[in-house]
Structure formats: C-alpha cells, structure tokens
Amino acid sequence: SNARATGRGRGLKIEDDMGERKELSAVITQGLGVPVKVVETMAKERGIKLHWQLDSADPQPVNPTALIMVNKKTSGEFLSKLKPKMVAVAFTGYDAVDMAACKKDKIAVYNVPAYSTDSVAELAIGLALAVYREIPIADSSVRSGKWVISSGGTELKGKTVGILGTGSIGIATAKLFKAFGCELIGWSRSERKEFKDIGGKYVKTKEDLFANADIVSLHIPNNKHTAGCIGKEQLSQLKPSAVLINVGRGGLVKQDVLVQMLNEKKFRAGLDVFVQEPIDVQDPILKAPNCVLTPHVAYKTTEALARRVTVTLDNIVSFAKGSDANRVDTKE
C-alpha cells in the first residue's frame, strides 16, 4: 500500500501519498460487552474514530478503515455497501464473516485469538463441580424448603479426565483438573509436549478416550471436519457415572443423540454450547435430566472481554501499519 503509518504520541494516523494524515475510523455493528465510554477512550488512545451503528442494515460512513463485529452474520452484500478496508472480528471464531467476499474485495480479516483461554477453562471446571456436587439442584431445593437432595455428590480427586483437543484451552483446562488431583488422558490430531509434561497420556482414538474417562471435556474447533464428530459411537462408550463437558462448540455433538442418551440416564453432562443458540424454548435438551446448562458464557468474563477489546483495537492499528499479526484471511 502507498499509505504509511506515523505514530506521534496521540495515536496513529495514516499518511497517504500526499503526506496528508488520515485518522483511522471504524464502524461497530455489535456491542463488545464493555461500557461504550471505555471502548471510546481505548479507541481514542489509538487514534481510532468510532461510529456506533448497532443493528443498522445501512451503516455510515462508508469506506472506513475497519468494520468491528463479533459473531453476527456479515454478508458479502453488507461488506460491499460498507467497503471497509479490514474486518476486525472481536472474537476468536470468524465463521460469521463472508470470507469469500472479503477475498474478492481484498478486505483483510483479523481475529482475537486466546483472549478467553482461562475463562473457558475455569467454566469447564465449574460445570464439572456443578454436576458432581449437584449445585443447581441443591440451590433450588434449599430455596423450596427441602434439605436433603441425594445420597451424596462425587469428588474430583483421583478421577480420570479425558481432554479432547489439547490446544491452548484444552491444556489450560487439563492443568486445572490436575490441580484437583485428577489423572489426565487426551486425544488430539497432534500430540503436544506440554500435555505430556503435566502427566497427560495420549490415547489412540476418541472412543478410547470416552471409554476410559470419568469426565470428558471437549476442546476441538468446530469446522467441516469436526461437525457432528461426537455421536452414538463415542457417547455409548461413557459409563453411567461419567460427565460430558462441552464448553467448545455445540455443533461438535449430535444433539439429538445426546438428548436421547441423557434421557436414558446413560451419563451426565455440563453444557455451555448448543447446536442452536439461543436455544428454542421447545428444544428437548431443556427437559433432559442429569445435566447443567449455561447460555454460552464460557468466554464471558469482564477480564476476557476487556482483553478482547484491547486486541481488536490493536489489530486495526496493526493493519494500518501493515502487520499481519492475528490476520486470518491469508490462512484460508
């Protein structure tokens, strides 16, 4: 590009061929989970002028430096109207963006990797404890005047936890389970030394993992290779006392099979993600026994959301400087 970046303390501006400085601009189409004033201040520090266009089908001004969005479907038609130079996805997954349209119109796409690793790992533990210690049932029982809820919960200590997918979140989750005194087994497309270093042992197949674990925690990405990869063949290996934890993506699991098996009390589950989100009020998963449900909040902590805004805005500055850090359209 013929533009070059100059940073002079008050944030970054781009010099075009004539040496005139242009401020960076961004149209935001979704809230970022952080107060608007905070986002405005952070943007100003980086020399970015923000235009809030939440839920607008016809956003202004056209031709901004960046479109900032989270996970709302962003079509080629929308992009060709707005004409941003780059899309700053304030999320790790960028499957909501029409990548083919971006490629055609030479629009760069950046994402925010790893901002919520600890948040997601901690919810995996939280769901395991909620199921093992029957926390939601205990809470509602006490409130309705009952005292005894069951013959007793279960300890995490000494249990075998199967980590499906030993990327950064899988390993962060494994470390927390290890701190509770659990044994670790794992299955992943590529074996990681870091998992073995904390005592993790890899098994040959997904089925081996499900057969040998007291708790299975899912941490693989959802893509065309993995969608629906957890079905009857895998779930039928679980013992009745086992717990399936899904803080990854709902699409990894065949949900109709999952519901049927939960109804048959084949195992228990802690689920943060679902095939359809928000869940339809008629969805049979809402009536399934032996499971604790949360509304896709694994990533959603104040700390993670603040990190997400920081990296999203930094990505716009990086793009303006010609850096490819966190750029994803070139990997497609």
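## Asp314 and its partner

Asp314 is partly exposed, at 32% relative accessible area. Partly exposed lies between buried (under 20% relative accessible area) and exposed (over 50%), with a 1.4 Å probe and protein chains only. Asp314 forms a salt bridge with Arg46, with 2.6 Å between the closest N and O atoms. A salt bridge here is a side-chain nitrogen of Lys or Arg within 4 Å of a carboxyl oxygen of Asp or Glu. The pair links distant parts of the chain, 268 residues apart. Arg46 sits in the loop between helix 1 (36–45) and strand 4 (48–52), and Asp314 in helix 11 (residues 302–320). Helices (H or I, at least four residues) and strands (E, at least two) are DSSP runs, numbered from the N terminus. Arg46 counts as buried, at 15% relative accessibility.

The model is predicted: local features need pLDDT of at least 70, side-chain atom pairs count only at pLDDT 80 or more, and totals for chains, interfaces and linings use all residues. Residues are numbered from 1 along each chain as its sequence is written, and side-chain values use heavy atoms, leaving out hydrogens and water.

## Other salt bridges

The count comes to 11 salt bridges. One of them joins Asp105 and Lys104, with the closest N and O atoms 3.4 Å apart. Asp105 is partly exposed at 33%, whereas Lys104 is exposed at 65%.

Asp329 and Arg327 also meet in a salt bridge, at 2.7 Å from N to O. Asp329 is buried at 18% relative accessibility. Arg327 is partly exposed at 21%. Elsewhere, salt bridges that share partners join Glu45, Arg46 and Asp314 into one network.

## A nonpolar patch

Val142, Trp147 and Val148 make a nonpolar surface patch of about 410 Å². Such patches take residues with over 30% relative accessible area and no salt bridge, joining nonpolar side chains (Val, Leu, Ile, Met, Phe, Trp, Tyr) within 5 Å and like charges within 9 Å. Val148 lies in the loop between helix 5 (135–143) and strand 8 (160–164). Val148 is exposed, at 67% relative accessible area.

## The whole chain

The chain has 11 helices and 14 strands. Its C-alpha trace spans about 75 × 45 × 35 Å along the principal axes. Of the 332 residues, 48% are buried.

Contact means heavy atoms within 4.5 Å. Among contacts between residues at least 6 apart in sequence, 58% join residues at least 24 apart.

Note on methods
Areas by Shrake-Rupley, 256 points an atom, 1.4 Å probe, with all protein chains shown as cover.
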